[in-house]
Amino acid sequence: MTGTRTTSDDGAMTETGGRRPLPTPAARPHPTQRLIRHNDILDLVVQNASLSNILQVVTGMVEREIRGCRASVLLLDEPGLHLRAAAAPSLPAEYTAAIDGVEIGPQVGTCGTAAYEKRVVITTDIATDPAWVPWLGAAAEAGLAACWSTPFLGLHGRVLGTLAVYFDHPCAPAAGELELLHDAGHLAAVAVQHDAVRRLLHDTHRTHPLTGLPNRVALTERLRAVEADAVETGDRFAVVQVAIEGMSHINEGLGPTVGDSVLRTVAGRLGRLIEGRGVAAHLWGCDFVVLVVGLLDDDDARTMAEQIRSALTEPFDVEGMTLVVDVSIGLSTYGSDVLDAGDPADEPLRTANVALERAKLAGNQVIGVYDPHSDPGAAVRLLAPELRRGMDDEELTLAYQPVVTLGDEKLDHYEALLRWASPHGTVSPEEFVPVAEQTGLVADLGRYAFSRALAETARVRAAGRDVGVSVNLSVLQLSDEGLPGRIADLLGEYDVPAHRVTLEVTEGVLLNSAKGWGTLARIRDVGVRVSLDDFGTGFSQIGYLRRFRFDEIKIDRTFVRDMESDVMARAIVVGTIGLARAADMDVVAEGIENRTQADLLRELGCTHGQGYLFGRPASTPSAT
Ligand code: C2E
Ligand code: CA
Ligand code: CA
């Protein structure tokens, strides 16, 4: 070491070299001024400005406050061995490049030594310092003659980097200047640590904590990029969803530590398999997705899926045991056609999942390949906008089917049934009512059906016939607590007596909630009748009968169809009629198509009948 270079443990300086001339007092910033600048930098940290941006501002501040200096920040890499240039706005790029990546050590320039020894190092004259020998040329080229460097530290005293100032003439710090350098180094440390936390959070947010694979968030981002490429280039890609089966047995039988090891091994195998060809992600639990890019064709995707299966069904050596798991695999492939998908970002993931569910149903190691024809979700997406348009364009109407009293086969009331004449042909309510239920259109549809049916019934009643009407209600409409009030209003508006109006409900989710039952009770309080439709097909209907005072039960048409040939169907018909009679409810048999059925049902004591024998649904009630 030469006399021009001094180190100090506590940051205090021991001067042995030449002094630089003291700056004039006017040039020194006032302490409050400095505080304001510090606050500016902390504001940048709080506002999540980029690290390089903040470090540039720190060096700028130092350059303003220590006259004639050029400042630089170097950051120590993760293993703590090398310094990387992070900010040096006033130094020539060639010089910065020359010192970038230098390994720290006891005799490595000013900064390398400062980082290594965790001390302020002051080189008052670079030209005479042996520690600078390898960089003398670069320093001379850049016009650098002196350098003072302070390491800044993070948690547990770990060196994060160095903040250095350079001068074009040999010199040592004046009073207060080292303190200033030290303060600025502290700000750099705050920024660097904040950045590390931010990156950690970012990674945590994007990886699965157990396996470290990208999670759904990261996968979706990557998928968006792949989709954009596919649209541009037509390149095909595949989403392979993989479910590890039997994990609950492993967790229950061998414990969660073994289960975790299996999942980590799965992750490792998937990661290695896909390396360079896409990305493996861990969605949750036992569900993984492999995104495969650059496929030649769809067979290529299938080959990849097969490879995934063979890789994962190889035995695992975990904690001294050999385990085997089974996997279910669903596959969907896309190219530029990904644009046609409703919500392109999620669609490939959704369809791979549909394919996976199909594979699970099929069993037998089948790889499920997505098929839009057996995807109810696709039907909903395609049909929903059409249905909305059809409702606006008044393509929906009602058909009226007679319900007779079986004793005399005279008309009692009509059931109003929705019809949709779309430009592509007639669509069955069995198809579009579920779509309306899944897309929130069912409330509008129900409102329309009810008011239209009342208007039509009022017209027939005005002509002197005492007919009633029944309207189907989706259980989802029961989430609308305003419904009973609106029903009462419409009854008043059309002047149809409440007891001649029936609302038919089937088993459904809302009847598992107190709110649904509450709305139904308030509907009945309005005075209308409530009917339990499709009786015999659901799981909970007997329970419903105990819970609610229905006015009527409708025996599902499948029992009427089968009652002559199937003893169980007949037993259910007999039982339902007995139940209804005992509880003083009307009972309507649906789907009566022939006289034998009508006669048998009458003999069994069924009160009402409906079916093609008495009349098909027709466009106006009066016409039947
Ligand atoms: P549902 O309430 O059980 O209606 C009876 C269905 O049986 C009707 O089918 C009717 O046309 C049919 N049908 C009547 N007699 C016979 C027969 O003798 N033989 C056979 N094979 N079938 C017969 P549709 O009109 O296709 O309606 C199907 C389902 O759509 C209805 O079943 C109901 O669940 C639903 N739906 C219809 N209109 C509405 C509505 O306005 N709102 C709601 N939420 N659902 C409706
Ligand atoms: Ca019905
Ligand atoms: Ca029915």
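Buried means under 20% relative accessible area. Asp 533 has 6% relative accessibility, so Asp 533 counts as buried in this predicted model. Glu 590 stands at 7% relative accessibility, and therefore Glu 590 counts as buried too.

The calcium ion (ligand 3) is coordinated by Asp 533 (OD), Asp 534 (OD), Glu 590 (OE) and Glu 590 (OE). These donors sit at 2.0 to 2.7 Å from the calcium ion (ligand 3). Along the sequence, the donor residues follow the spacing D-D-x55-E. Asp 533 belongs to strand β19, which covers residues 529–535. Glu 590 falls in the loop between β21 (586–589) and α20 (595–604). The pair therefore ties together parts that are 57 residues apart in sequence.

The calcium ion (ligand 2) lies 4.1 Å from the calcium ion (ligand 3). Asp 533 coordinates both.

Now turn to Leu 411. Strand β15, residues 410–422, holds this leucine. Is Leu 411 buried, exposed or partly exposed? The relative accessible area of Leu 411 is 29%, so Leu 411 is partly exposed. Which residues touch Leu 411, once neighbours within four places in sequence are set aside? Leu 411 is in contact with Pro 402, Val 403 and Val 404, and also with Arg 465 and Val 467.

One distance places Leu 411 against another leucine. Leu 213 is 198 residues apart from Leu 411 along the chain. The C-alpha atoms of Leu 213 and Leu 411 are separated by 67 Å.

Notes. Residues numbered from 1 in each chain as written. Chains lettered and ligands numbered in written order. Predicted model: local features only at pLDDT ≥ 70, side-chain atom pairs only at ≥ 80, totals over all residues. Heavy atoms only, no water. Helix = DSSP H or I, 4+ residues; strand = E, 2+ residues; numbered from the N terminus. Buried < 20%, exposed > 50% of the residue type's maximum accessible area, 1.4 Å probe, protein only. Contact = heavy atoms within 4.5 Å. Donors = N, O, S within 2.8 Å, 3.2 Å for Na, K, Ca; no water.
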